[in-house]
Amino acid sequence: MATVNLETPFREVGGNIREKGIIYRRKHFRDDKGRIISEGKQEAYAVSNPRDYQKTPPQGAELQHISLFRQACLITKEILSAKGPDAELYQDYLLRFNAQLPRTRGTRPDPQAPVDKTTGKRRRYSRLDNFIRSMVYLQLTTTQPNP
């Protein structure tokens, strides 16, 4: 795969240049105050053969994964909009998230974070919602039986 560093005459390209062409994007990850804490790499992809869910619906383990992920998303949404007694849970996740950010030397990933298969190390998160969703999903998978 080619890597392109777009500095002259462009620094960044976003969206697709022509209809049904290649889509370009770069993700920007922000903290709770809106400051950019990290950027993803420039991505380019084309959607050539999208899946037809009417012909091939998810089944078995794939369907279980989708339903657990949906549950994790709903729980994360509740935690992020928490007011009252659930605000304590939000504050706990916020402290854990800030503690694992690689801002200063000596910070470590969260001990409950999943292990990245490519590096063999625990994952670090750049977005609070992704961090909470991942922790909730891991809890759900440990409590749910496999199909």
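R96 is buried, with a relative accessible area of 19%, where buried means under 20% relative accessible area, exposed over 50% and partly exposed in between (1.4 Å probe, protein chains only). R96 lies in helix α2; helices (H or I, at least four residues) and strands (E, at least two) are DSSP runs, numbered from the N terminus. Not counting residues up to four places away in sequence, R96 touches D110, Q112, F131 and M135, a contact being defined as heavy atoms within 4.5 Å.

This is a predicted model, in which local features need pLDDT of at least 70 and side-chain atom pairs count only at pLDDT 80 or more, while totals for chains, interfaces and linings use all residues. Residues are numbered from 1 along each chain as its sequence is written, and side-chain values use heavy atoms, with hydrogens and water left out.

**Overall architecture and confidence**

The protein chain contains three helices and five strands, arranged along the sequence as β-β-β-β-β-α-α-α. Of its 147 residues, 20% count as buried. Among contacts in the protein chain with a separation of 6 or more, 42% come from residues 24 or more positions apart. The accessible surface of the protein chain is about 11700 Å², and carbon and sulfur atoms hold 52% of that area; accessible areas come from the Shrake-Rupley method with a 1.4 Å probe, and for residues only the protein chains shown count as cover.

The mean pLDDT of the protein chain is 82, and 80% of the residues score at least 70; pLDDT is the predictor's confidence in each residue, from 0 to 100. Confidence is highest in helix α1 (residues 60-80), at a mean of 93, and lowest in strand β1 (residues 15-16), at 66.

Leaving aside neighbours within four places in sequence, D110 is in contact with R96, Q100, R122, F131 and M135.

L101 also has its place in the loop between α2 (87-100) and α3. L101 counts as buried because its relative accessibility is 4%. Beyond its neighbours within four places in sequence, L101 is in contact with I37, T107, R124 and Y125.

T76 is placed in helix α1. With 2% relative accessibility, T76 counts as buried. Not counting residues up to four places away in sequence, T76 touches D129, I132, R133 and V136. T141 lies in helix α3 and, at 27% relative accessibility, counts as partly exposed.

| Residue pair | Separation along the chain | C-alpha distance |
|---|---|---|
| D110 and R96 | 14 residues | 6.8 Å |
| L101 and S126 | 25 residues | 7.1 Å |
| T141 and A72 | 69 residues | 9.9 Å |

**The second largest pocket**

Rolling a probe the size of a water molecule over the atoms shows where empty space is left. On a 1 Å grid over the protein atoms alone, a pocket is an open set of points where a 1.4 Å probe fits, with protein on both sides within 12 Å along at least five of seven lines; lining residues have an atom within 4 Å of a point. The second largest pocket holds about 250 Å³ of space. Its lining comprises 13 residues, of which P114, R123, Y125, N130 and S134 are the closest to the centre. Helix α3 (residues 128-143) gives the most to this lining, with five residues.

By class, six of the lining residues are nonpolar, three polar and four charged. Here Ala, Val, Leu, Ile, Met, Phe, Trp, Tyr, Cys and Pro count as nonpolar, Asp, Glu, Lys and Arg as charged, and the others, Gly among them, as polar.

Methods. Points joined across faces, edges and corners; volume = space filled by probe spheres on them.
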